[in-house]
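Let's take a walk through this one together, starting from a single residue and then stepping back to the whole chain.

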Amino acid sequence: MASESQANQAMPLVQRRSSLDEMKLEKLAKETAQLRQQPDYYKGCSEVGAGGLDRSKRYVQREQLTPDASGLVVALVGLPARGKSFISRKLERFLGWRGLPTKTFNVGKYRRDAVCPEQSGRSEFFDPGNSSALAAREAAASAALDDALLYLERGGKVSILDATNSSMSRRKMIVDQVNSFHMKVAVIFLEALCEDPEVLEANMLSKVKGSPDFWQLSLYDALQDLKARIAKYESVYETVQDSEGPHIKVFDLSSKVLASQCYGRLTKTMLPFLTAIHIGARPIWLVRAGFGEINPESHVESCRLAESTHSGREFAEQLDKFVRERSSRYWHNGSKSEEPPSVLTSTMPRAILSVQTIEHEQTPTLNPIDKGTMAGGWWDMDGNNDLPPWQEMERLYPAFYKEWTIDPFRTRFPGGESYLDVSKRLESVLLEVESFTRPVLIVSHITVLQLLLSYFLGTPVEDSWKMPVPKDTVLEVSPTCGGSFVVQEHQLICGADQHWGSSSCSSTTSGASSEEEPVCSTSSSGSSGSGEKRVGGNVDLSQEKKKRRKASASA
């Protein structure tokens, strides 16, 4: 007698399917009867599992894309003057600040190194029919990608490939080259799209003023040549498709962000930042909380509750005057209706008192580093120094100090935080500050401001613990067209009977400019003041502070 399975195999195909469907329907009917016994439909299904959805094609694809790779290549896509380099620089700064070693590889620089800008910078060089130029551009792109992968091999976490990557064939070449690499490296395309005429005009002017491709041309001729180059790219341009894998599209420099198939941890880190950044100019003021009562012999946390001294209250008055005057100047220069600045402060009493006359928002995110069992008056009042009291810590806690010096950024205070911990909780504040379109004032404490300054100055976040933050001073941060920042220092209280605005009080400027894009004018933010302008990454703000102290003492 034939077995049941043999009998089923002998059934016609349509009949077998019908039997299976009946069995499936019968099972579903039983499950449905059980589900209908739930007390409240509107609270959602209580069935454990995904109900078969986890077998869908899209979910399987998500499972494949979610695991973290050893490294990530972020390949920019977009026509010239769409803000690709701006996004690249902002992203490199942010990811580096988050502790992810990141480096940008600009294909245009590789092209200029191989073929002089006077030749490779002209629009004819970008003609799709120019076979020799096309070969040179392909070689430059391949060399940049080779270096990007080598950077990941040597310990980097993210490589940013700044190029047009305007065709599907070019992007396939990138994916194939990455997939053939011996490490597990992921690729995500980041496309910059821009149709806003005002943004396009500003981008084109910025590019022709700063790029070596146009140094030999007049402004008019440079703009005409750039427009001809864009037209040649437009003739072959192909926007990124879902079939090409994970990608993000940024429209008009962050008026809209679209993400597709972005599930990895690194990719999800980039998305909130890309939605926050924009090209608007506004001043960002960083200030240490006013001076508080110091009791060096005390080791109790209650010292944090101490309020401002007379000098601290005097500083609050000068800060109020500074913010009101600079805000008014900002709105006037921009021909805009005046609005109050966004003010964020820690929950420490002396920080709150520093802005007591200004509408503000208190957030514990801006509180100083938690020193755990070592908290006390020896630190919490900050003191007059531009750096945390490391020497005092060595005197009071020599064993911990020896351990801490091995890795100051990652070593936690006993029962407290490390600088790395503080940087993680500061990320939300940083994104909020990047998203603001009006003047911003942040009143916090030396450890928090060290970390924020390391972001704005583009210095290694691991070295933030040794960055000086002057007392009684406003650090005015102004965004640039190129994606970096300029930091200007305004001392509010310079000495006895001398306040902000007096002839003895000086302002100094530091920051970094870009090879590709010039620094924007900061007149809209009301920046003014004497002092030399220094360009570079590592900036020692304490040097100017020492000069002023010496000048004040001699006076």
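Is Ser159 buried or exposed? Ser159 is buried: its relative accessible area is 0%, and the cut-off for calling a residue buried is under 20%. Keep in mind as you look around that this is a predicted model.

To find Ser159, go to strand E3, which covers residues 158–162. Leaving out residues up to four places away in sequence, Ser159 touches Leu72, Val73 and Val74, then Lys103 and Phe105, and also Ala148, Tyr151 and Leu152.

The fold is built from 19 helices and 16 strands, and 50% of the 555 residues count as buried. Take the contacts between residues at least 6 apart in sequence: 70% of them join residues at least 24 apart.

Next, the cysteines. How many disulfides does the structure hold? The count is zero.

One aromatic cluster brings together Trp390, Tyr401, Trp404, Tyr419 and Trp465. Elsewhere, have a look at Phe251: Lys256 lies over the face of its ring, 4.3 Å from the ring centre.

Key:
Residues are numbered from 1 along each chain as its sequence is written. This is a predicted model: local features need pLDDT of at least 70, side-chain atom pairs count only at pLDDT 80 or more; totals for chains, interfaces and linings use all residues. Side-chain values use heavy atoms; hydrogens and water are left out. Helices (H or I, at least four residues) and strands (E, at least two) are DSSP runs, numbered from the N terminus. Buried means under 20% relative accessible area, exposed over 50%, partly exposed in between (1.4 Å probe, protein chains only). Contact means heavy atoms within 4.5 Å. A disulfide is a pair of cysteine sulfur atoms within 2.5 Å. Rings of Phe, Tyr and Trp (its six-membered ring) pair if their centres lie within 6.5 Å; planes under 30 degrees apart count as stacked, over 60 as edge-to-face and the rest as tilted. A charge sits over a ring if NZ of Lys or CZ of Arg is within 6 Å of the ring centre and within 35 degrees of the ring normal.
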